[in-house]
Amino acid sequence: MGVSIYGAARTVYIASPVFCELGCDIKSLLAGHSNTTTFNSVEDLRLSRNKKDNQSVEVLGYYTEGDGGGGTFFWDATSTETDNGGTIIAPLNSTGDGRWKRVLQDQYTLLQFGGKAEVGFDNTAALTKGLAVSDVLVIPNGIFEIDTSVAPEFEIREGCSLIG
C-alpha cells in the first residue's frame with residue numbers, strides 16, 4: 001500500500017489507506033504521574049511560562065487534545081534553533097535562548113508538524129517541514145490537501161521515506 005497523490009489545478013490531495021492509531025488516551029497513560037505537566041496543544045506549549053532546563057512535558061495534541069499531533073517535549077534552555085513547528089518549538093514573543101524539543105523518535109507523522117485531514121486545510125507547510133526534518137514521515141489515514149502553486153514538487157531527500 002502506498003500513498004496516492006492526485007488532484008488538479010492548485011490543490012493536490014494525498015490519500016493514505018493506512019490507519020494510524022495516534023489518538024491514544026494520553027491522559028490515562030499519565031494518570032498517577034503528578035509530576036508530569038501537560039498541555040492541550042502546541043500553542044499552549046508556546047505560551048507556557050516557568051520553564052526549567054530539561055523539564056519534560058506532555059502535549060496532548062497539535063491543535064486539540066487527541067488529534068494525533070502531541071507528544072513528549074523537553075526544555076533546552078540554551079537552544080537557539082529555528083522553530084520548525086514539529087520537533088523544535090519556540091515560545092511565543094521570545095527572541096532569546098530556550099526551545100521546547102520533541103523527544104526523538106524513529107519516525108514522525110504529518111500531524112506532528114501541524115497537518116490536518118480536513119477539507120480546505122492547506123498541509124503544504126506541514127509536509128515541507130516534516131520532510132525537511134524526518135527520515136521517515138508517516139501520513140495517517142485521511143485526505144491531506146497541499147497547494148501545488150506554492151510547492152509544485154516536493155523533493156524527498158536521499159534516505160528519507162514517506163509512508164502512508
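Let me start at leucine 110. Leaving aside neighbours within four places in sequence, leucine 110 is in contact with Gly115, Asn123, Ala126, Leu127, Leu137, Val138, Ile139, Pro140 and Phe144. Contact here means heavy atoms within 4.5 Å.

A word on what we are looking at. This is a predicted model, in which local features need pLDDT of at least 70, side-chain atom pairs count only at pLDDT 80 or more, and totals for chains, interfaces and linings use all residues. Residues are numbered from 1 along each chain as its sequence is written, and side-chain values use heavy atoms, with hydrogens and water left out.

Back to leucine 110. Leu110 belongs to the largest nonpolar core, which has eleven residues: Tyr108, Leu110, Leu111, Phe113, Ala126, Leu127, Leu131, Leu137, Ile139, Phe144 and Ile146. By nonpolar core I mean a set of buried Ala, Val, Leu, Ile, Met, Phe, Trp, Tyr and Cys residues joined through side-chain atoms within 4.5 Å. Buried is under 20% relative accessible area, exposed is over 50%, and partly exposed is in between, with a 1.4 Å probe and protein chains only. Two elements, α3 (124–133) and β10 (142–147), each supply at least two residues of this core. The most comes from α3, with three residues. Another core lies apart from this one; it has ten residues, among them Phe39, Val57, Tyr62 and Trp75.

Now the chain as a whole. The protein chain has three helices and eleven strands. These are DSSP runs, helices being H or I with at least four residues and strands E with at least two, numbered from the N terminus. Along the sequence the pattern reads β-β-α-β-α-β-β-β-β-β-α-β-β-β. Of the 164 residues, 42% count as buried. Among contacts with a separation of 6 or more, 56% are between residues 24 or more positions apart. The chain exposes about 9,200 Å², and carbon and sulfur atoms supply 50% of that area. Accessible areas come from the Shrake-Rupley method with a 1.4 Å probe; for residues, only the protein chains shown count as cover.

Next, the sheet. Five strands form an open sheet in the order β3-β4-β5-β7-β6, with mixed pairing. The edges are β3 (37–39) and β6, each with a single partner strand, so one side of each has no neighbour in the sheet. Two strands pair if DSSP finds at least two bridges between them. Strands of a sheet pair through backbone hydrogen bonds, either parallel or antiparallel. Which sense applies to β3 and β4 (residues 56–59)? They pair in the parallel sense, over three bridges. Threonine 37 has valine 57 in β4 as its bridge partner, and threonine 38 stands opposite glutamate 58 in β4. Between β4 and β5 the sense is antiparallel, over four bridges. There, valine 59 stands opposite glycine 71 in β5.

On to charges. A salt bridge is a side-chain nitrogen of Lys or Arg within 4 Å of a carboxyl oxygen of Asp or Glu. How many are there by this rule? The count comes to four.

One of them joins the side chains of aspartate 83 and arginine 46, at 2.3 Å from N to O. Aspartate 83 is in the loop between β5 (71–76) and β6 (88–89) and arginine 46 is in helix α2 (residues 42–46), so the pair ties together parts 37 residues apart in sequence. Aspartate 83 is partly exposed at 25% relative accessible area, whereas arginine 46 is buried at 13%.

Lysine 101 forms a salt bridge with aspartate 76, with the closest N and O atoms 3.0 Å apart. This pair links strand β7 (residues 99–102), which holds lysine 101, to strand β5, which holds aspartate 76, 25 residues apart. Both ends are buried: lysine 101 at 16% and aspartate 76 at 15%.

Lysine 101 also forms a salt bridge with glutamate 81, the closest N and O atoms being 2.5 Å apart. Glutamate 81 is in the loop between β5 and β6, 20 residues from lysine 101. Shared partners join Asp76, Glu81 and Lys101 into one network. Glutamate 81 is partly exposed, at 35% relative accessibility.

Last, glycine 86. Is this residue buried or exposed? Glycine 86 is buried, with a relative accessible area of 0%. Its place is in the loop between β5 and β6. Leaving aside neighbours within four places in sequence, glycine 86 is in contact with Phe73, Arg102, Gln112 and Phe113.
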